[in-house]
Amino acid sequence: MRAAEACLLALAAGSVAACGEPATGFAWDVTLSTFEDRCSDTGDPYLETLTYVLNFDGAAVDVAIDVPGEGPITFATGGIAGCGIDYASVVWEELRDGHSVRWQIEGSARWRQGGIGCNLEPGVDWLGTETFEILYSLHPDIPAGCRVLLNAEGVYVGEL
């Protein structure tokens, strides 16, 4: 399994939702696909659709992944300005095959809650990129500094 895919799956599987908190926010089904992989030469593209959930506090925003059976798990924070959103995760650390690996996700997109505007084509309500970067690695097959660039395209699915 490639480094980016393994770490993203660990993010969703290793997080725990707070007990008793209702699932709230505004949701988009976002498909992530490999644009450029500088971490692996296998040629295996990453392709996954996740439900992103945004919670707004003025211009600040929490970005979560809706994990089935658990609810939204916040993985990044950021800001909005008009139709633009920029966000970044904390630096995550995990053991991969007994070796320490630290990574981070940064993203930016144009978004809307359905309808028209924001220079988005009809049927597209989220259009951007994400960069998954290995910041530190003691793993012999996962080099520090490698990046996976992802396209992110999605549709607004409503309020939770």
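A salt bridge here means a side-chain nitrogen of Lys or Arg within 4 Å of a carboxyl oxygen of Asp or Glu. E36 and R38 meet that rule, with their closest N and O atoms 2.7 Å apart. Before going further, note that this is a predicted model, in which local features need pLDDT of at least 70 and side-chain atom pairs count only at pLDDT 80 or more, while totals for chains, interfaces and linings use all residues. Residues are numbered from 1 along each chain as its sequence is written, and side-chain values use heavy atoms, with hydrogens and water left out.

Back to that first pair. How exposed are its two ends? E36 is partly exposed, at a relative accessible area of 30%, and R38 is partly exposed too, at 47%. (Buried means under 20% relative accessible area, exposed over 50%, and partly exposed in between, with a 1.4 Å probe and protein chains only.) A search of the whole structure turns up five salt bridges, so let's look at a couple of others. R102 pairs with E93, the closest N and O atoms being 3.5 Å apart. R102 is partly exposed at 31% relative accessible area, and E93 is partly exposed at 48%.

The salt bridge between R112 and D125 has its N and O atoms at 2.9 Å. R112 and D125 both lie in the loop between β7 (99-111) and β8, so the pair ties together parts that are 13 residues apart in sequence. Strand names such as these follow DSSP: strands are E runs of at least two residues, helices are H or I runs of at least four, and numbering starts from the N terminus. Are these two residues buried or exposed? R112 counts as buried at 5% relative accessibility, and D125 counts as buried at 7%.

Now for strand β1 (residues 26-37), where you'll find T34. T34 is partly exposed, at 24% relative accessibility. A polar atom of the T34 side chain lies 2.6 Å from the backbone nitrogen of Y46. T34 and P45 are eleven residues apart in sequence, yet their C-alpha atoms are 5.5 Å apart in space.

Next, the strand pairing around β7. Two strands pair if DSSP finds at least two bridges between them. β5 and β7 run antiparallel and are joined by five bridges, and G84 has R110 in β7 as its bridge partner. Strand β6 (residues 92-96) is also antiparallel to β7, again with five bridges; here R96 is partnered by H99 of β7. The hairpin of β6 and β7 has two residues between the strands, and D97 in this hairpin takes a positive phi near 55 degrees. On to β8: β7 and β8 pair in the antiparallel sense over eleven bridges, with G107 standing opposite E130 in β8.

What about the inside? In soluble globular proteins, nonpolar side chains tend to be buried together. In this model the largest nonpolar core has 30 residues, and those with the most contacts inside it are Y52, I85 and W126. A nonpolar core is a set of buried Ala, Val, Leu, Ile, Met, Phe, Trp, Tyr and Cys residues joined through side-chain atoms within 4.5 Å. The elements giving two or more residues to this core are β1, β2 (47-57), β3 (60-67), β4 (71-81), β5 (84-88), β7, β8 and β9 (147-159). Which element gives the most to it? That is β7, with five residues.

Finally, the surface has a nonpolar patch of its own, formed by V91, L135, Y136 and L138, with about 340 Å² of accessible area together. Patches are made of residues with over 30% relative accessible area and no salt bridge; like charges are joined within 9 Å, and nonpolar side chains (Val, Leu, Ile, Met, Phe, Trp, Tyr) within 5 Å. The areas come from the Shrake-Rupley method with a 1.4 Å probe, and for residues only the protein chains shown count as cover. Y136, one of the patch residues, sits in strand β8 (residues 126-137) and is partly exposed, at a relative accessible area of 31%.

Definitions and conventions: Polar contact = N/O pair within 3.5 Å; in protein donor to acceptor, adjacent residues only side chain to side chain.
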